[in-house]
Amino acid sequence: MKLEKIKEKAAARTVSYVAPANSIMLWRDPEADIRVVASGCISPSNNTKTGDMLQVASLVDSVGPTEAIKKKIDNIVCFTCALARMVCYVNPVFLLAIWKATNNQEPIGGFPRVLKHVRFGSYGEIAGVLPLNIMKEWIAYLQENKLKWTGYTHRWMDLGVSPWSQWIMASIDAITAAKLNMTVIELKEWANSMDWPTYRVLDKEEVEDLVEGDILPDEILCPYFTHKVQCADCGLCNGKRLPIWSRLLQIFKPNKRKNIVALLGGAKNKRKAYTKAV
Ligand code: SF4
């Protein structure tokens, strides 16, 4: 396609929308005490792994994230995540600024018309929290505008076979596996059996430390660790496993979607806490 045509198409996609603030409240359920926010609507994100993506997080609505952790009510948004508090790599002080910035806002009643790729679940759970019809609308907006998204959930066990696996990856880690008295591979296979694509974290920090068998035949290593490809350019962690009924109809053309494996990242103390907890 000629460059002019590409430019024309891109211009047609551009929605004339100026984000009212860098952090925006997208959705809120006062009864459940949850708000869903987007940050990075104006300023670029400086997350070196994700690149510049809109970060969508679920926060406790009534108190800031630091207080929620102190009061041990962060399970309102983190549910039973085994990494909560000690191992979670998200800085609650950074989240507090987002919570404060969205405190006097009302939900915008849609998805911000910002032409940025999106990371769902930068903190807290979105899967099974946000009404499904709203998520469908948001995904439709992203698809219409050829924008990528990534998303992760630790709630896949509670959700079981779920439409959320179309868009979101099941997070697999050794701490959760140990809690359930399973191997991490058994945990991964359990998620896959319920049609969740998986994002499995290995307890290794360097590509050089990998040995044969660390990555299973139906997995690939996240390209960030090999080629420094950022999520904003990659977008492989976007769920998209076909529903089971659809895959059954595809006996002759099975879904070859690979699961993702990642190395241990985050701050040194969090990596240490993870390795200790495994
Ligand atoms: S596989 Fe791609 S989208 Fe997933 S974490 Fe790695 S870089 Fe990001």
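Modeller: Let's start with lysine 146, which takes a positive phi of about 55° just after helix H5. Helices here are DSSP runs of H or I with at least four residues, strands are E runs of at least two, and both are numbered from the N terminus. This is a predicted model, so local features are described only at pLDDT of at least 70 and side-chain atom pairs only at 80 or more, while totals for chains, interfaces and linings use all residues. Residue numbers run from 1 along each chain as its sequence is written.

H5 itself covers residues 132-144, and its 13 residues should span 18 Å at 1.5 Å a residue; the end C-alpha atoms are 18 Å apart, which agrees. (The expected span is 1.5 Å times one less than the number of residues.) Met135, Trp138 and Ile139 of H5 are buried. Buried means 20 or more other C-beta atoms within 10 Å of the residue's own, exposed means 12 or fewer, partly exposed is in between, and the C-beta atoms are placed from the backbone. Down the axis of H5 the buried residues fall within an arc of 95°, so they line one face of the helix; the arc is taken over the directions from the helix axis to the C-beta atoms. Turned away from that side are the exposed residues Asn133, Glu137, Ala140 and Glu144.

Helix H8 (184-193) can be read in the same way. Its buried residues are Leu187, Lys188 and Ala191, and they cover an arc of only 100° around the axis, which puts them on the same side of H8. Glu186 and Ser193 are exposed on the other side. The buried residues of H8 pack against helix H6 (156-159), strand E6 (169-172), H7 and strand E7 (198-201); a contact means C-beta atoms, placed from the backbone, within 7 Å. Just after H8, aspartate 195 takes a positive phi of about 75°.

Asparagine 181 sits in the loop between helix H7 (174-179) and H8. Its phi is positive, about 60°, although it is not a glycine, and it is exposed, with 7 other C-beta atoms within 10 Å. Phenylalanine 79, in the loop between helix H3 (75-78) and helix H4 (92-101), has a positive phi of about 50° and is not a glycine either. Phenylalanine 79 is partly exposed, with 19 other C-beta atoms within 10 Å.

Arginine 35, in strand E2 (residues 34-39), is buried, with 25 other C-beta atoms within 10 Å. Leaving out residues up to four places away in sequence, arginine 35 touches Met25, Arg28, Leu59, Asp61 and Thr102.

Finally, a word on confidence. The predictor's confidence in each residue is its pLDDT, from 0 to 100; the protein averages 87, and 83% of the residues score at least 70. Over residues 10-16, pLDDT stays under 50, and the model has three contacts there beyond four places in sequence. Where pLDDT is low, the predicted coordinates should not be read in detail.

Key: Two residues are in contact if their C-beta atoms, placed from the backbone, lie within 7 Å.
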